[in-house]
Every structure is written in C-alpha cells, then in structure tokens.
Amino acid sequence: METQIGLALSGGGAKGFAHIGVLKVLEEAKIPVHLMAGTSMGGIIAAIYAAGYPAAEIEQIARSLRLLDIVQRDRTGLGLIGQAKIASRLREIMGGDPSFEQLGLPLALVASDLETGEEVVIREGSVVKAMLATMAVPILFPPVKRENRLLVDGGLLNQVPFDVVRQMAEDGAPTRVIAVNILHGFPSRLGEPTTCESRRGAEAVIHLLIRRSRWAPMFEVAERSYNIVSRNQVERRVLQEPPDLMIEITLDGIGLLDLDQVDVCVKAGEQAARQHMPELLELRDAPPNRLARWWQAITERFAPGSFTGTSGK
C-alpha cells in the first residue's frame, strides 16, 4: 500500500501566505499531498489547494486580495469586521459553495466551539462556511453559526492540526505527516508599527485607520496573548504525538491584516521548505513509495508503444 503524505497548515493571518511558498517547493520536488488539514489562514490555503488550484495560482489569488475588497463593519456587535464580503470572495474563488465531498483531496478544517470550549473538526457540509469559521479570530470577526454551534478560530485549541491529519488516514494506510507552523515575531514594545510604510492609496488609509482606532491597542494585546497560548499548545502537542516533519517559519514585522506582504511571506515559506529538502525527499521515497515509484518507471518503460526502434534484418 502506498504511503500517504498528509499536510497540516497553521494559522497566522497574513503570515499564512508563507504556506504558498511551502506548497510551491513540494510541487517542484514532486512530493504528492494526499490529505490536508488547516487552521485559520492555513485552513483557507488548504481548502483552495484541495479545490484543485496549484500553488502558483493560489499565489496570484493572494496578490489580488485588497483590504478594501473585504473589510466592512460588522453589524452583529460580536466583531469588528463583518464577513459578508469575505464570504462572497471565497465563493468566487471556490467556484460557488462546494461541499467537502466535491473537493479533490480529503480536507479537514479546525474551529473552536465558543460555548462548550470543544475543538470542532469540520469534514462535511459547506466548505465556505467552514472556511469562515476556522478564520473567525475573536474580536476581529464575529462567530460563525453552524449546526447550532457558535464557532471561532481553530487556533484557540489546535494551531497546527497534525494530529487531525493522522486521524484522517484510511485504516491501515501508512501516513507521513508534514506540519507547517508559522511562528509569530513581535515588535519589542506594544504599539510599534508592524510593517513597512511603503503602501500607498486606499490600502494605506485603511491600515492607518485600523492602527489609530480605539480598538487597536486592545486587539494587539489580545493577539499577543493568543499567540503565546498557541505556541505553548503546539509545543505540548509535539511532545505527545509529533509529526514526521515540522517546518517552522519565522516572520517578523507582519501584522494579521497585512495582505500586501505576499512576496515576503511566500519567499520565507520557500526558504524554510528548502532547508528541509532532504527530509522531504526521504518522506516521498520512503518504502513502500520507493517500490511504487520503481514499478511505475518499469511499467512506463515497457508499455505498448514505448519502443521507437525498428527490428534488425
């Protein structure tokens, strides 16, 4: 039986664009992905990849995103930014609102139940609604109601769902799990700007308004606290049931909503993945995959019509 390779992608807001760089390297090295699970932005990238988009096209989608296109006031009173514009953009990207069963790869998205405190692994129903739930960072976005649950960002309970990938594996199928964790760097002091000042036009105005809003200091405190909890939680899970490979990506100076930092993030993801190329190739070629690749080469070599020479007389 062929060894399956599962991929778990962490949250990280705009830093999550680094996952695209990792996917580009996996494609370049011809490392197949059979199962995927993701949290928050990692869940968004995983869902788009599972829908059949190659990494290069996901990168183009990321470059097309603008705060002006997705930011709107939340009218529920449970968040700062409403999700209607985001939902519309996700449906456009996903070609409607597919179910999990319609995706090209098995996918799980992780959310947190705000009322019970339980981790919720979503593997059926509306993919777009699950994407909205896994990325619903408390305070920033309102909770998402799904099947009588109020769901928020999965990173509260499972920032890098590599254990979920193992649970997704078919009975008896050997599975190797690659986890990608984005580490959060912070300015040394609260209130320091997180990104360069090179942006212009409407993007600059929106960022300035967000930074100077009365909610900004409170949100920064919440974000820092959230990331500290997530880091400790990942460390505990790694000790209990480690993935076969953990790729860690450190990104400093990039805020949660810095959607214009795609280049920096993708490059960081590529660099981190290339540093682990020997381990990645070993996972790709591990038995019985090595035997399967050998047999594929043999069958292609001796397939009908593969001989171009002519018989001698």
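**Nonpolar cores and salt bridges**

In this predicted model, the largest nonpolar core holds 77 residues. L7, F17, M36, L107, M131, I247 and I249 touch the most other members. Helix 2 (residues 41-50) gives the most to this core, contributing eight residues.

With residues up to four places away in sequence left out, I249 touches A18, V22, V180, N181, I182, L183, A268, G269 and A272.

The structure holds 15 salt bridges. One of them joins the side chains of E59 and K24, with an N to O distance of 2.9 Å. This pair links distant parts of the chain. E59 sits in helix 3 (residues 55-64) and K24 in helix 1 (residues 18-28), 35 residues apart. E59 counts as buried because its relative accessibility is 8%, under the 20% limit. K24, at 25%, is partly exposed. Both residues belong to a network of salt bridges that also links E28, R63, D263, E270 and R274.

E241 and R166 form another salt bridge, their closest N and O atoms being 3.9 Å apart. E241 lies in the loop between helix 9 (216-240) and strand 8 (245-251), and R166 in helix 7 (residues 162-168), so the pair ties together parts 75 residues apart in sequence. E241 is partly exposed, with a relative accessible area of 36%. R166 is also partly exposed, at 26%.

A salt bridge also joins the side chains of R284 and D285 (2.9 Å, N to O). R284 is buried, with a relative accessible area of 14%. D285 counts as buried at 18%.

Technical notes. Residues numbered from 1 in each chain as written. Predicted model: local features only at pLDDT ≥ 70, side-chain atom pairs only at ≥ 80, totals over all residues. Heavy atoms only, no water. Core = buried A, V, L, I, M, F, W, Y, C linked by side-chain atoms within 4.5 Å. Buried < 20%, exposed > 50% of the residue type's maximum accessible area, 1.4 Å probe, protein only. Helix = DSSP H or I, 4+ residues; strand = E, 2+ residues; numbered from the N terminus. Contact = heavy atoms within 4.5 Å. Salt bridge = Lys/Arg side-chain N within 4 Å of Asp/Glu carboxyl O.
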